[in-house]
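Morning, everyone. Have the sequence and the model open, and follow along as I go.

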Amino acid sequence: MEVERVDGRKANQLRPLTCSRNVLNRAHGSASWSQGETKVLAAVYGPKAGTKKNENPLKACIDVTWKPKTGQIGKPEKEHEMILKRTLQSICLLTVNPNTTTSVIIQVVNDDGALLVCAINAACAALVDAGIPLKHLAVAICCCLTENGYVILDPNKHEEQKMKAFVYLVFPNSIHAVLPEGSLQVGKEPMEHGIITSVTHGVMSVENYLQCMERGRAACAKLSDFLRRSLQTQVPSGSPKAG
């Protein structure tokens, strides 16, 4: 039985994606990313000399600031900052520019669900635009578990509020999208078998979590291909799109 969604999508179908780079003139790198009606701008400044207090001066520091669409920053936004910082730290080559700080500013334009994953995807595109050295790119997806036990991908705000549980998953960008097959491994495992970040809200069984992982990894292969095409193609008058 296929789960019915308000917007007519199938359970594993993503919303339309758009991505544009170099959207802010004063930033060293910038990108906008949207999934459906959710849209985020990411700006990168740096690297600048010196690290923040309590940071390792032998490595580069990544500083993340989250700016909501309206109002003051609260606990959810602070949590987003922490998750995003840890995710970006894991993909950046922190030893290339030691004792420097790169600042990533996230500006929420509109929130219609899966906001954090949009911010992660936007930040990765902005880091590339700024020329920050990376181990690899990352792509993020939100998987939700309905009250009836169905797993759906990329929820809008209405769906997100009705879910029993959901998980944010961040995977390494598929090597098949950017490099020859088998050219990058972690130990004896292909890189795309790994996971960078996993954050769960609500309660789900191990079986449901593994199902989310399987669905999420399959979707991220499509996201990887879209990100690769978006970063290779610079369209001044518009942005690449995918459904």
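**A walk through the chain**

Pro47 sits in strand E3, which runs over residues 38–49. Keep in mind that this is a predicted model. A cis peptide bond joins Pro47 to Gly46, with omega at about 5°. Most peptide bonds are trans.

Pro47 turns up again in the lining of the largest cavity. What else lines the largest cavity? Ala60, Ile62, Cys92, Leu93 and Leu94 do, along with Asn97, Thr100, Thr102, Ile132 and Pro133. By type, the lining divides into eight nonpolar residues, three polar ones and no charged ones. The space inside this cavity is about 70 Å³. How many cavities reach 30 Å³ or more? The structure holds two. As for how such spaces are found, rolling a probe the size of a water molecule over the atoms shows where empty space is left.

Now step back to the whole chain. There are 243 residues, and 49% of them are buried. The secondary structure comes to five helices and 12 strands. Take the contacts with a separation of 6 or more: 71% of them are between residues 24 or more positions apart. The accessible surface is about 12200 Å². Carbon and sulfur atoms account for 51% of that surface.

Next, the core. The largest nonpolar core has 69 residues. Which residues have the most contacts inside this core? They are Trp33, Leu88, Val104, Ile106 and Ile141. Helix H2, residues 115–130, gives the largest share of the core, with 13 residues.

Look at Val104 from that list.

Most residues other than glycine have a negative phi. Asn22 is not a glycine, yet its phi is positive, about 55°. Ala114 also has a positive phi, near 55°. Asn22 is in the loop between strand E1, residues 17–21, and strand E2, residues 29–35. Ala114 is in the loop between strand E5, residues 100–110, and H2. Is each one buried or exposed? Asn22 has 52% relative accessibility, and the cut-off for exposed is over 50%, so Asn22 counts as exposed. Ala114 has 0%, and buried means under 20%, so Ala114 counts as buried.

Stay with the E1–E2 loop for a moment. Ala27 is in that loop too. At 11% relative accessibility, Ala27 counts as buried. What does Ala27 touch, beyond residues up to four places away in sequence? The answer is Ala43, Val44 and Tyr45. Ala27 and Ala43 are 16 residues apart in sequence, with their C-alpha atoms 5.9 Å apart.

Last stop, the segment before E1. Val3 is found there. At 17% relative accessibility, Val3 counts as buried. Not counting residues up to four places away, Val3 touches Ala11, Tyr150 and Ile152. Val3 and Asn148 are 145 residues apart in sequence. In space, C-alpha to C-alpha, Val3 and Asn148 are 9.3 Å apart.

Terms used:
Residues numbered from 1 in each chain as written. Predicted model: local features only at pLDDT ≥ 70, side-chain atom pairs only at ≥ 80, totals over all residues. Heavy atoms only, no water. Core = buried A, V, L, I, M, F, W, Y, C linked by side-chain atoms within 4.5 Å. Buried < 20%, exposed > 50% of the residue type's maximum accessible area, 1.4 Å probe, protein only. Helix = DSSP H or I, 4+ residues; strand = E, 2+ residues; numbered from the N terminus. 1 Å grid on protein atoms, 1.4 Å probe; cavity = no way out; pocket = protein on both sides within 12 Å on 5 of 7 lines; lining within 4 Å. Points joined across faces, edges and corners; volume = space filled by probe spheres on them. Nonpolar A, V, L, I, M, F, W, Y, C, P; charged D, E, K, R; others polar. Contact = heavy atoms within 4.5 Å. Areas by Shrake-Rupley, 256 points an atom, 1.4 Å probe, with all protein chains shown as cover.
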